Structures are given as C-alpha cells and as structure tokens.
Amino acid sequence: MAKKIVAGNWKMNKNLQEGIELAKGLNEALAADKPNCGVVICTPFIHLAKVSEIINHNVIGLGAENCADKASGAFTGEVSAEMVKSTGAEYVILGHSERREYYNETPEILKEKVDLALANGLKVIFCIGESEAQRDKNEQNAVVKAELEGSVFHLSAEQFKNIVIAYEPIWAIGTGKTATADQAEEIHAYIRSVIAEKYGAEVAADTSILYGGSCKASNAPELFAKPDIDGGLIGGASLKVADFKGIIDAWK
Ligand code: PEP
C-alpha cells in the first residue's frame with residue numbers, strides 16, 4: 001500500500017521569521033491533533049536548518065524545493081543535495097514545472113539531480129504533468145510517461161522506492177482550476193500502470209502518487225477518495241496553517 005502524504009510547497013514565499021511562525025503553528029496544530037497521513041513541508045533553502053529544529057520529524061517531514069545538479073565545487077549560488085541533507089531535511093522536490101519552464105531544467109539535468117538526491121539519502125518528490133495545450137491535444141499520457149522515462153526510469157527498483165510522484169497538470173497550478181477527481185484518477189491510474197510495466201505491480205502499488213494543482217480543503221476529500229490518488233502536493237494552500245490542516249484532515 002502506498003503511503004498517504006500531504007506535502008506543502010512554499011515556493012518563494014515567507015521570509016525567515018514568517019516561515020518559522022508557519023512551521024511552529026503547523027507543528028503545534030499537528031501535536032494537538034495527530035494527522036492520519038504523512039505530512040511534509042518543502043521550504044526555501046534558507047528556512048531548512050531552522051525549521052528542522054522546530055518540527056517534530058516523527059510527524060512532519062522536511063524538504064527542499066530544489067537542489068543542484070552538481071555534487072560540490074565552484075557553482076556560485078547553488079545548494080547541493082548534501083547540503084540539503086545536512087540541514088535535517090529528508091525530501092527534495094525535483095522537476096516542478098516552474099523549474100522546468102523558468103529555469104530551463106531539462107530531463108537530463110533532472111536526472112543528475114535525482115541521482116545526487118538519492119546518493120545523499122534524500123527522498124525525491126518528482127513532479128510531472130502536461131500543459132493546457134498538451135491536454136487539449138490529448139497528449140497528457142505521453143507527456144507524463146516521457147517525463148518518467150527521461151529522469152527516473154534509469155533507477156533500480158530499490159532506488160525507485162525513494163521516489164514519490166506528484167502529478168501536477170500545469171494548467172491547474174496556482175490557477176484555481178482543479179482537475180476533476182475523475183480526470184486526476186484516470187491519469188494517476190495510468191501513471192501507476194507505467195510504473196508497474198517498468199518495476200512490477202508491487203513497486204507500483206507501493207509508490208505514492210500525489211495530485212497537485214489548486215488542491216484545497218474543499219476539493220481534497222473527493223480527490224483523495226480515488227484509489228490511485230495517495231495525497232497532494234499543495235502550493236498556495238500550504239501557506240496558512242488552517243488551510244493546510246484542512247487538507248491534511250481530508251484523510252480523517
Ligand atoms: C504546486 O505548485 O506544487 C501547486 C500544486 O500549487 P497550487 O496548489 O498553488 O496550485
């Protein structure tokens with residue numbers, strides 16, 4: 001059975017003090033009312049070390065939103081997977097459509113990042129998903145399959161156990177447009193079938209496949225009720241404790 005997970009992606013929001021307040025608030029809320037799923041918060045790099053000291057890691061996992069495609073050295077401004085791990089973080093988001101689009105992250109670059117993240121003991125939340133134009137042409141299945149083949153299907157089955165997939169249709173991210181639960185389930189089931197073809201039914205059944213794209217407390221229960229949706233990757237609604245907790249509570 002795949003682990004159920006609700007993961008937050010803070011993106012480039014919250015200064016250090018605001019981030020600390022948010023992490024403290026979430027930690028307190030989940031200490032008072034234990035979640036029924038795994039919870040992860042992925043923060044900007046500068047928050048990681050401090051947030052790591054604040055949260056109860058038995059309840060809240062910590063992740064970065066990116067890491068470098070090089071191990072170390074003269075790469076000014078970059079942050080390596082080893083550095084991320086040394087903060088106490090356990091996860092890293094890779095392949096987010098914003099990084100693919102605005103920072104030209106190709107499948108080859110992402111493959112390097114995935115390898116370095118795993119080599120440093122991080123779990124990877126690997127994002128895939130089609131644009132609106134691709135969905136209009138009914139290309140979504142081919143797009144997600146190619147994204148998996150391009151950056152994670154070189155892994156062994158043992159390594160692949162450290163990959164969480166986040167299906168995020170680009171047209172639903174930050175737009176208020178959510179995929180319907182049926183639309184999301186259809187492609188999640190397809191993604192699981194592609195993983196099963198590559199790694200076998202057992203690995204596929206154990207892989208967490210999260211939905212992301214304007215997920216909120218009001219639509220999470222319907223999405224999470226689907227058999228192939230194992231939780232969510234949450235952007236905007238992860239920035240307030242009450243909103244994020246509302247989504248976490250969808251698993252109750
Ligand atoms: C995201 O970018 O990972 C995301 C799902 O954003 P939002 O929830 O704001 O659509």
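Let me start with the ligand: 14 residues surround it, and the closest are Lys-11, His-96, Glu-168, Gly-174 and Ser-214. Keep in mind that this is a predicted model.

By class, that shell is made up of four nonpolar, eight polar and two charged residues.

Now the polar contacts with backbone. Gly-174, one of the closest residues, has a polar backbone atom 2.7 Å from an oxygen atom of the ligand. Gly-235 also places a polar backbone atom by a ligand oxygen, here at 2.8 Å. For Gly-236, the distance from a polar backbone atom to an oxygen of the ligand is 2.9 Å. How much of the ligand does the protein bury? Taken alone, the ligand exposes 290 Å², and 95% of that is buried by the protein.

Next, helix 7. This helix runs over residues 140–151, which is 12 residues. From its first C-alpha to its last, helix 7 reaches 17 Å, close to the 16 Å expected at 1.5 Å a residue. Which of its residues are buried? They are Gln-140, Val-143, Val-144, Glu-147, Leu-148 and Ser-151.

Asn-138 is found in the loop between helix 6, residues 132–136, and helix 7. Its phi is near 60°, a positive value in a residue other than glycine. Is Asn-138 buried or exposed? Its relative accessibility is 59%, and the cut-off for exposed is over 50%, so Asn-138 counts as exposed.

Asn-104 is another residue with positive phi, about 50°, although it is not a glycine. Where does Asn-104 lie? It lies in the loop between helix 4, residues 97–102, and helix 5, residues 107–119. With a relative accessibility of 57%, Asn-104 counts as exposed.

Last, a residue in a strand. Gly-38 has its place in strand 2, which covers residues 38–43. The limit for buried is under 20%, and Gly-38 has 14% relative accessibility, so Gly-38 counts as buried. For a distance across the chain, take Gly-38 and Ala-181: they are 143 residues apart along the chain, and their C-alpha atoms are separated by 21 Å.

To go back to the ligand before I stop: the protein buries 95% of the area that the ligand exposes when taken alone, and the backbone of Gly-174 has a polar atom 2.7 Å from one of the ligand's oxygen atoms.

Note on methods. Residues are numbered from 1 along each chain as its sequence is written. This is a predicted model: local features need pLDDT of at least 70, side-chain atom pairs count only at pLDDT 80 or more; totals for chains, interfaces and linings use all residues. Side-chain values use heavy atoms; hydrogens and water are left out. A residue is near a molecule or strand if one of its heavy atoms lies within 4 Å of it. A polar contact is a pair of N or O atoms within 3.5 Å; within protein, one must be able to donate a hydrogen and the other to accept it, and residues adjacent in sequence count only if both atoms are side-chain atoms. Accessible areas come from the Shrake-Rupley method with a 1.4 Å probe; for residues, only the protein chains shown count as cover. Ala, Val, Leu, Ile, Met, Phe, Trp, Tyr, Cys and Pro count as nonpolar, Asp, Glu, Lys and Arg as charged, and the others, Gly among them, as polar. Helices (H or I, at least four residues) and strands (E, at least two) are DSSP runs, numbered from the N terminus. The expected span of a helix is 1.5 Å times one less than its number of residues. Buried means under 20% relative accessible area, exposed over 50%, partly exposed in between (1.4 Å probe, protein chains only).
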